Amino acid sequence: MDLHSLAVILQAALSPNPDERKAAENNLDQFQYAPQHLVRLLQIIVDNNCDMAVRQVASIHFKNFIAKNWAPHEPNEQQKISRSDKDMVRDHILVFVAQVPPLLRVQLGECLKTIIHADYPEQWPHLLDWVKHNLQQDQQVHGALFVLRILSRKYEFKSDEERTPVYRIVEETFGHLLNIFNKLVQIANPSLEIADLIKLICKIFWSSIYLEIPKQLFDPNVFNAWMVLFLNVLERPVPPEGEPADPELRKSWGWWKVKKWTVHILNRLYTRFGDLKIQNPENKAFAQMFQKNYAGKILECHLNLLNRIRVGSYLPDRVTNLILQYLSNSISKNSMYNLLQPRLDVLLFEIVFPLMCFNDNDQKLWDEDPHEYVRKGYDIIEDLYSPRTASMDFVSELVRKRGKENLQKFIQFIVGIFKRYDETPMEYKPYRQKDGALLAIGALCDKLKQTEPYKSELEHMLVQHVFPEFSSPVGQYAHISFSDQNNFRKALHSVVAGLRDPELPVRVDSVFALRSFVEACRDLNEIRPILPDLLDEFFKLMNEVENEDLVFTLETIVDKFGEEMAPYALGLCQNLAAAFWRCMNTAEADEEADDPGALAAVGCLRAISTILESVSRLPHLFVQFEPTLLPIMRRMLTTDGQEVFEEVLEIVSYMTFFSPTISLDMWSLWPLMIEALADWAIDFFPNMGDSLLRFESLEKLPVKVKIILKPAFNSLFKLLEILNSLKEQTPSNYVVNLSGMGGLQIWGHLCQGFIVSSNTWVLTVVHFHADILVPLDNYISRGTVYFLTCKEPDYQQSLWTMISSIMADKNLEDADIEPAPKLIEVVFQNCKGQVDQWVEPYLRITVDRLHRTEKSYLKCLLMQVIADALFYNSSLTLSILHKLGVATDVFNLWFQMLQQVKKSGARANFKREHDKKVCCLGLTALLALPADQLPAEALGQSAKEEDAEDDDDMDGFQTDDEDDGDGSDKEMGVDAEDGDEADSNRLQKLAAQARAFRPNDEDDDDSDDDYSDDEELQSPIDEVDPFIFFVDTVKAMQLSDVLRFQNLTQTLDFHYQALANGVAQHADQRRVEIEKEKMEKASAAASS
């Protein structure tokens, strides 16, 4: 397509006629990969004779095409742009980027960013030479600076080896930049274009020093030359001409931007070199030089700039914020505080405090756009730039670090404001100053609640000065100990009354304050009578404004009242669902990253989960919730819900576990989750390596018994020892439910770091896969019949497809696939005797993965799949292992893992009680097979070979009373004894040991993040007592094959005879206990 035809099509793309526009866009798509197409687009963009609208359309298409196609996104993806076209684009875009109007320069800048990030330095080695050359040409300086800014920004956050190109950039260009900078600051009446050039130089410097100072700048003469220029820019007043009157235009005016970037740079240098205590030895001399020569000068310049506020002149909010950050960081350093002290009172009372007060801009925004006022007040991004937040931080830091000299003085100042307010007639009361005083008291709440005499006066202060006005800071003091509960009650009801205030900001602030009161409330009867009205006001407000703090307060109320929320639960879910859809619509309409709608949407889903948890013991309610929640789950399990995927999975987990049955509508979500894993959700796994989440379990589960296994390979010996360790746990501790959630439950709020107990274990998990495991487990374990019988869709086949692809993926780390063998375990345990056709496929992929697995925890999980398969059908499993030719290897590895111990003597593998039980059931199932089917490797060694180990037999097993913390093995044999007496004593000790079912309260000294009991399973094997199962299996063997039984028991030495006797006794006890539990349950059911 020639240049003229392309321009015509671009013009048609602007047509008001949708058909013409669509045809033009189709034409552009059709020819986008044609040779020279990209070059011709660039020609139109830079053609001054072409219509500006057409040039703009061309620039957008040019930018989008380069972003999508310049560099392949996949390793084997074919290049879509020819080398000659790339060369031509690279050569010409550099020439024209500074010449085109700003509207087009923005688009070309984005293109340059894409190209530089993909090509420099390998495919574009001469780019830096071009920059260096043009920095020396007066007419080309702007373009060279523009390109150098993009180039330096590529390395702004790079470290170590990736940062190496920065050093060459600094070496080649900073000398020229310094010369240009020096000339620019000497211009007498600089234009706005000069400000743009200085701003570019500042940005280049910032990107080059952000993570690490290049070594060239450690030269004192070079560094001083730069600092002289920065201080010059900081000290010089902005030019009086040309400053916009409009506040929005003024803060983005070029000369104020220069001030901002200069302050940015000086703050960054001070952060890096202002504290000698944190310096590396090689940087200490430089830091001392910086502290001595520059830190004080910067402080003085900053104070002079802040003085503009005192005299009523303009200073941008962002500059004010940055300066106050510098001052806050200076408070703790003696030399800087000494410089600050002479001007501290003026700074504190005439600049900082007024910044904390309600001002004209606040009033204007309150009146004209109360929704925006609320958004800004609760937006953490706004806080980063807010002078008010920086002022509060300054006061807090001053009182915290220099409280002795300043706390009393500041409090006296605040008390003076309170007194003047009380004494002034109504029409002249200093409302704004009192607002600032209350905000200051709120900022100092932590200090005041801990410090006398202020601590004891807080209640009086609240009653005298806050109650009459009632503003939001009162919420910060809800947790103080009220000597008069009437005062707490009065404050609470004042906050609730604020929910009905005609002013929107007051209503929102009341909700924020209410959360503190609900958390602090000791007697819920204070809130219970007004709960219905409270909820009504909540939802009126949620219909009016999207704010996550509203939802957080609602969560707090639901959490506090628990099952008492049942009468309101359905209405709450319906209102939250409606609010969620509104928030999502707002977020989709406004794609800004900091949009409050997206945050509030997440909050709505979290609150729904909290409600579901609070009524988890009322399953009939979940049937009522389903019609409301199902549309959310369906939509948000697709790509539309990537931002809320985890929260939705948590809701699915609740609905599939607590509902009386899993409905067909809920089953329709299964394909969506499987599709997400196959499509986009699985892509999160490779990126999780550096961001694995650590979270705490709900409670510290029973500690593991420290047993050193005897080095023997006989399956019966291993089984006896594991059974002995299991005896230390009561039956209720075999499976620990996480607040009622069953199966492989990993809670969403746990993954977010929610800590419930002070006694916690820390576990590292892969976030996405662990979450999606929960509902899949629930579907299989609670909807087993439908899972097995439904063929359209075929859930068994889809599960196999997902698990096999994950297990076979060589790009996934061991930690990434851990949920896959757990799901296989769920299938075998819940579908016993009904999935014979899947045993071989699952064993095959398990063995394949086992061959290349390095992580011990995954090895355990894979080995447990084999144990589960043996318990599922031992004969079938053995035949498959023989068919695959791996039976010997598998059993040898299994027994080797069973005997491995740490230095402390604790198990190295199969550490959870669930893991031990699975191994027990699998090995016991082997004993039930006829002798001719048993693999030779599982029969063990002869009794003579075991006896030959002599007293070493004892080293592998310790009593519960022994301390193995030093990692040493305790000898249980008695050297002085001999013959029958020694044997008798040894047998007595072992028998006593086998009967002593005392828990051991010591933790394993070795930390191991791979293991935790937080994922305890709830499955059909919970009903199988391993001791009874073992004893019944052995008794069956005794009846069916007497000779085999006699041969097997004769191989047992004293040690294992004692263990066997202890297990038999314990099995009898368990039968009695189980029968008693059944009778108690039956009695309870009959009486209810």
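The legends below describe close-up views of a predicted model. Local features need pLDDT of at least 70 and side-chain atom pairs count only at pLDDT 80 or more, whereas totals for chains, interfaces and linings use all residues. Residues are numbered from 1 along each chain as its sequence is written, and side-chain values use heavy atoms, with hydrogens and water left out.

**View 1. The second largest pocket has a volume of about 750 Å³.** Of the 19 residues that line this pocket, R105, V106, F146, L200 and K203 are the closest to its centre. Helix 6 (102–119), helix 8 (141–153) and helix 10 (192–209) are the elements that each give two or more residues to the lining. A pocket here is an open set of points on a 1 Å grid where a 1.4 Å probe fits, with protein on both sides within 12 Å along at least five of seven lines, and lining residues have an atom within 4 Å of a point. Helices are DSSP runs (H or I, at least four residues), numbered from the N terminus.

**View 2. F273 and F290 form a tilted aromatic pair.** Their rings lie 6.4 Å apart, centre to centre, with 50° between the planes; rings pair if their centres lie within 6.5 Å, and planes under 30 degrees apart count as stacked, over 60 as edge-to-face and the rest as tilted. F273 belongs to helix 13 (residues 254–273) and F290 to helix 14 (residues 284–310), and both residues are buried, meaning under 20% relative accessible area with a 1.4 Å probe, protein chains only.

**View 3. W667 and W670 form another tilted pair.** The centres are 6.0 Å apart, with 35° between the planes. W667 counts as buried because its relative accessible area is 2%, and W670 does so because its value is 1%.

How values were computed. Points joined across faces, edges and corners; volume = space filled by probe spheres on them. Buried < 20%, exposed > 50% of the residue type's maximum accessible area, 1.4 Å probe, protein only.
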